[in-house]
Amino acid sequence: MSRPPISQAMEDYLKAIYKLREQHQQVSTSALAVYLRIAPASVTNMCKKLAELNLLTYEPYQGVTFTPTGEKLALEIVRHHRLIELYLAEALGVPWDRVHDEAEKLEHVISEDLEERMATVLGNPKFDPHGAPIPSRSGVMIQPESGRLVDMKEGDRLVIVEVDDDDPELLRHLGEKGLYPGTEIELLTQAPFEGSLTLDMHGTQQDVSYQVAKTILVALQER
Ligand SMILES: [Zn+2]
């Protein structure tokens with residue numbers, strides 16, 4: 001699609017709204033302000049501008065909703081971001097804890113042609129290195145069923161679906177433990193009151209803190 005002339009900051013807003021909505025949170029301007037670490041008054045101003053461009057509908061005290069054009073544009077930016085992350089990881093060998101920051105910059109500047117070439121070289125991938133779904137060119141995305149690791153039961157046999165992408169320290173920690181998307185684990189024990197979890201990974205036991213486990217999405221293994 002051809003893009004309306006909007007700034008990188010506007011693109012970041014659209015992506016932030018998209019991400020907050022993905023997490024089933026109500027997208028209020030105050031939630032956006034916290035997420036973007038920007039003063040609420042500035043966020044309100046920007047949302048008004050985006051509404052004038054017909055990318056959002058914005059009602060004071062009711063939060064923001066995408067228009068069809070805004071949603072399409074947000075999906076396009078998400079596609080760029082996730083494709084770039086995968087390309088950097090797979091084609092260039094960039095460690096998975098560094099691809100997000102690079103993609104944050106590159107997502108605003110790559111052409112549609114470059115995007116297509118990356119997608120082709122990667123075999124039109126469905127997921128980024130952190131397990132997040134990559135929207136197709138037409139905006140279709142496979143969102144696998146998943147739940148938080150901390151909400152699972154002892155004895156559950158699980159597969160890691162997705163992890164948070166934006167905290168390099170956390171990603172290095174997960175990498176050291178081998179907790180990548182696609183890894184099969186069994187939840188052995190979870191200590192009460194948000195205590196640590198013990199996992200079995202192909203015969204090796206790993207302890208994971210509640211804070212870390214909270215960031216991991218899993219699905220039940222198919223029998
Ligand atoms: Zn990312």
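## A walk through salt bridges, zinc and cores

The side chains of R137 and E115 meet in a salt bridge, with 3.2 Å from N to O; a salt bridge here is a side-chain nitrogen of Lys or Arg within 4 Å of a carboxyl oxygen of Asp or Glu. Please keep in mind that this is a predicted model, in which local features need pLDDT of at least 70 and side-chain atom pairs count only at pLDDT 80 or more, while totals for chains, interfaces and linings use all residues. Residues are numbered from 1 along each chain as its sequence is written, and side-chain values use heavy atoms, with hydrogens and water left out.

Let us stay with E115 for a moment. This residue also forms a salt bridge with R79, and here the closest N and O atoms are 2.7 Å apart. Because R79 lies in helix α4 and E115 in helix α6, the pair ties together parts that are 36 residues apart in sequence. Helices (H or I, at least four residues) and strands (E, at least two) are DSSP runs, numbered from the N terminus. E115 is buried, with a relative accessible area of 0%, and R79 is buried as well, at 6%. Buried means under 20% relative accessible area, exposed over 50%, and partly exposed in between, using a 1.4 Å probe and protein chains only. R137, by contrast, counts as partly exposed at 41% relative accessibility.

Which residues make up the network around this spot? R79, E112, E115, E116 and R137 are linked by salt bridges. Across the model, the count comes to 14 salt bridges. Another of these joins R21 to E71, whose closest N and O atoms are 2.9 Å apart. R21 sits in helix α1 (residues 8-22) and E71 in helix α4, so this pair ties together parts that are 50 residues apart in sequence. Both ends are partly exposed: R21 has a relative accessible area of 36%, and E71 has 28%.

Helix α4 deserves a look along its length. Its 25 residues reach 35 Å from the first C-alpha to the last, close to the 36 Å expected at 1.5 Å a residue; the expected span is 1.5 Å times one less than the number of residues. After α4 comes G93, whose phi is positive, near 70 degrees.

Which residues hold the zinc ion? The protein donors are H81 (NE2), E85 (OE), H100 (ND1) and D165 (OD), lying 1.9 to 2.1 Å from the zinc ion. Donors are N, O and S atoms within 2.8 Å of the metal (3.2 Å for Na, K and Ca), and water is not among the atoms, so sites may look incomplete. Along the chain, the donors follow the spacing H-x3-E-x14-H-x64-D. H81 is buried at 4% relative accessibility, and D165 is buried at 10%. The angles among the four donor atoms run from 93 to 128 degrees, and the site is tetrahedral; four donors count as tetrahedral if all angles lie between 85 and 135 degrees.

Now for the nonpolar side of the picture. In soluble globular proteins, nonpolar side chains tend to be buried together. A nonpolar core is a set of buried Ala, Val, Leu, Ile, Met, Phe, Trp, Tyr and Cys residues joined through side-chain atoms within 4.5 Å. The largest such core has 26 residues, of which L14, L32, L50, L56 and V64 touch the most other members. At least two residues of this core come from each of α1, α2 (29-36), α3 (40-52), β1 (56-59), β2 (63-66) and α4. The largest share, seven residues, is supplied by α1.

L32 touches Y13, A16, I17, L20, V27, V43, C47 and V64, not counting residues up to four places away in sequence; contact means heavy atoms within 4.5 Å. A second, separate core of 22 residues includes L149, I160, L179 and I216.

Finally, two loop residues other than glycine are worth a visit. N124, in the loop between α6 (112-121) and β3 (147-148), has a positive phi near 45 degrees and is partly exposed at 48% relative accessibility. E194, in the loop between β5 (184-190) and β6 (197-201), has a positive phi near 60 degrees and is exposed, with a relative accessible area of 55%.

Technical notes: Four donors count as tetrahedral if all angles lie between 85 and 135 degrees; four count as square planar and six as octahedral if opposite donors are over 155 degrees apart and all others between 65 and 115; anything else is irregular.
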